[in-house]
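Visitor: I would like to go through some labels given to helices and voids, and hear what each rests on. Please show me the model.

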Amino acid sequence: MLDWLNDDQRALRDMAATFARKEVEPVANRIDAEERTPDELVHKAAELGLYGLYTSEEYGGSGADLVSVCLVSEEIAKASPSFAGMLTVQIVLCPRTVEILGTEEQKRRILPRAASGERLMAYSQSEPGGAANIGAHLTKAVPDGNGYRIDGSKLFCTQGSAKTYLVMCKTRDRDGNEGYGCVIVEAEDEGFKVAPYEHKLGWRGTNTGPIAFDNVYLEADDILGDILTGGFSHRAANTANLLAHCAVSVGCAQGLFDKTLDQVKQRRLYGREMSELQPVSFWLAEAHGKIAAARALLYDTVRAFEAGAMDPAMSNVCKTFICETAFDVCVKLLQLWGGSGIMDSTGVNRYMRDARAQCVAEGASEMHYAIIANQLLHGQPTLVPSNIVKKA
C-alpha cells in the first residue's frame with residue numbers, strides 16, 4: 001500500500017518511524033502516566049526539524065507536502081498518539097495560519113523561531129458556546145489607541161510548550177464594524193493567563209485547558225489578516241490540520257493493532273494458541289480491514305487536497321469516519337487483551353483513550369456531521385454565519 005510514494009516521502013516516513021521507535025516508544029507510557037511530554041523529547045523533535053516540516057523553506061521550514069506530514073504523524077502516533085496529536089497543531093495548523101494570514105514581517109518574526117522549536121505556538125477558538133458557534137463567542141478585541149485590547153477566555157487550548165498563541169475572537173474595527181478575527185497573543189503579555197492544567201481521559205501528554213485575557217494590549221501588528229475576517233479566512237489551514245489529525249488516528253489504531261497482533265501470536269488460551277480461536281482471528285481481520293480503509297480514504301483525500309481537487313467537505317468526512325473508526329477498532333482490540341488491557345502497566349489502554357480524544361479534539365464528530373450536511377443540503381461547507389461581519 002502507498003506504493004506511489006516518492007523517495008522524499010519514503011525517507012521522511014522512515015525517519016519518523018525510527019524516531020518513534022527509538023525516542024518516543026520508550027517514554028510513551030511515561031507521557032501518559034505523568035501527563036506531560038518530557039522536555040528532552042520536545043528538543044529531539046526540534047533537532048529533527050519536525051516543527052518546521054510544513055513551513056515554507058523561506059521561513060526556516062522544510063516545505064514538505066501534506067502527504068509527508070501525514071506519514072510522519074501516523075508513524076509517531078503508532079508509539080504515542082498523544083504526542084503526535086500535539087505535533088500536528090504545531091506542524092500544520094499554527095504555521096499555516098500565519099502563512100495564509102500574515103504579513104511578510106509577521107511571517108519572518110514568528111515562523112523561523114517556531115520552525116526551530118525555539119518558540120512553539122498554540123491555536124485557540126473554543127468557548128462554552130461551542131467551537132463553531134462563533135456567534136455565541138464572548139472573547140473580543142476592540143480598538144484602543146494605535147492598538148487593540150482583548151478580553152475574555154477560551155476553553156480546551158492545546159498549549160504544550162507554547163509561547164505564541166493564535167486566538168480567534170470577535171473583533172471591532174476603527175469604523176465600528178464588527179467581525180471575527182485572528183490575533184497574536186504572546187505568553188509574556190500582561191493580563192494573559194493560562195489556567196491550571198486539566199486532567200483528561202486521553203491526550204495526556206499535552207496541556208489542555210482554559211486561557212484568559214484581562215485587558216491584554218495588542219499592537220497593530222498583532223492582528224493576523226483582516227481584523228474582521230481573519231478568524232475564518234484561513235480555512236485551508238484548518239482543512240490541512242484535520243487531515244493530519246486523521247493521520248494520528250490511523251497511526252493510533254495501527255499502533256495498538258501491531259501490539260495486539262504480537263500479543264495474540266505469543267499467548268495461549270484454553271490450551272490452544274490464542275490465534276487459533278476463531279473470534280480472535282476474525283476480530284484481527286476486521287480491524288486490519290478497517291484500518292486499511294481509513295488509510296486509503298485519508299491519503300486519497302490528501303492527494304486531492306494538494307492537487308486542489310478535493311470536495312469541500314471531504315476533510316470533515318475524513319474526520320468523522322477515520323476518527324470514529326479508529327476508536328471502534330481500539331475498543332475491539334483492547335478486548336483481546338482481557339484483564340491485561342485495563343491495567344496501566346501494559347500501556348495499551350492509552351491507545352483507546354487517545355482514540356476517544358481524537359473524536360472530540362479539532363471539533364466533535366457531531367459538528368463535522370453538521371458541516372457535511374450543510375454541504376449536501378445547501379452547498380455550504382461551513383457553519384460560519386453568513387452575516388458575521390456587521391457594518392456600523
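Visitor: Is the crossing of α4 and α6 left-handed or right-handed?

Guide: This is a predicted model, and in it α4 and α6 cross in a right-handed way. A crossing is called right-handed if the near helix is turned clockwise from the far one.

Visitor: Why is α4 called roughly antiparallel to α6?

Guide: The axes of α4 and helix α6 (residues 235-266) cross at roughly 165° and come within 9 Å. Angles over 145 degrees count as roughly antiparallel, so α4 is roughly antiparallel to α6.

Visitor: Which residues in α4 and α6 meet?

Guide: On the α4 side they include Pro81, Ala84, Gly85, Val92 and Arg96, and on the α6 side they include Ala236, Asn241, His245 and Cys252. By class, the contact of α4 with α6 has 12 nonpolar, six polar and one charged residues.

Visitor: What makes a space in this model a cavity, and how many cavities of 30 Å³ or more are there?

Guide: In a cavity a 1.4 Å probe fits but cannot get out. By this rule there are three cavities of 30 Å³ or more. The largest cavity has a volume of about 60 Å³. Its lining holds 10 residues, and those nearest its centre are Met86, Gln90, Met121, Thr158 and Gln159.

Visitor: Which element supplies the largest share of the lining of the largest cavity?

Guide: That is α4, with three residues. Both α4 (81-101) and β1 (120-124) supply at least two residues of this lining. By class, the lining has five nonpolar, five polar and no charged residues.

Visitor: What is the volume of the largest pocket, and which residues are closest to its centre?

Guide: A pocket, unlike a cavity, is an open set of points. The largest pocket has a volume of about 1,300 Å³. It is lined by 48 residues, and Ser126, Ala131, Glu362, Gly363 and Met367 are the closest to its centre. α6 gives the most to this lining, with five residues. The lining divides into 24 nonpolar, 18 polar and six charged residues.

Visitor: How do the residues lining the second largest pocket divide by class?

Guide: They divide into three nonpolar, one polar and six charged. Among the lining residues are Arg21, Glu25, Glu75, Lys78, Asp258 and Lys259. Asp, Glu, Lys and Arg count as charged, so these residues belong to that class. The second largest pocket holds about 200 Å³ of space, and α1 provides the largest share of its lining, four residues.

Notes
Residues are numbered from 1 along each chain as its sequence is written. This is a predicted model: local features need pLDDT of at least 70, side-chain atom pairs count only at pLDDT 80 or more; totals for chains, interfaces and linings use all residues. Side-chain values use heavy atoms; hydrogens and water are left out. On a 1 Å grid over the protein atoms alone, a cavity is a set of points where a 1.4 Å probe fits but cannot get out, and a pocket is an open set with protein on both sides within 12 Å along at least five of seven lines; lining residues have an atom within 4 Å of a point. Grid points are joined across faces, edges and corners, and a volume is the space filled by probe spheres set on the points. Axes are lines fitted to C-alpha atoms, for helices over the stretch in contact, and angles run from 0 to 180 degrees between N-to-C directions. Angles under 35 degrees count as roughly parallel, over 145 as roughly antiparallel, 65 to 115 as roughly perpendicular and the rest as oblique. Contact means heavy atoms within 4.5 Å.
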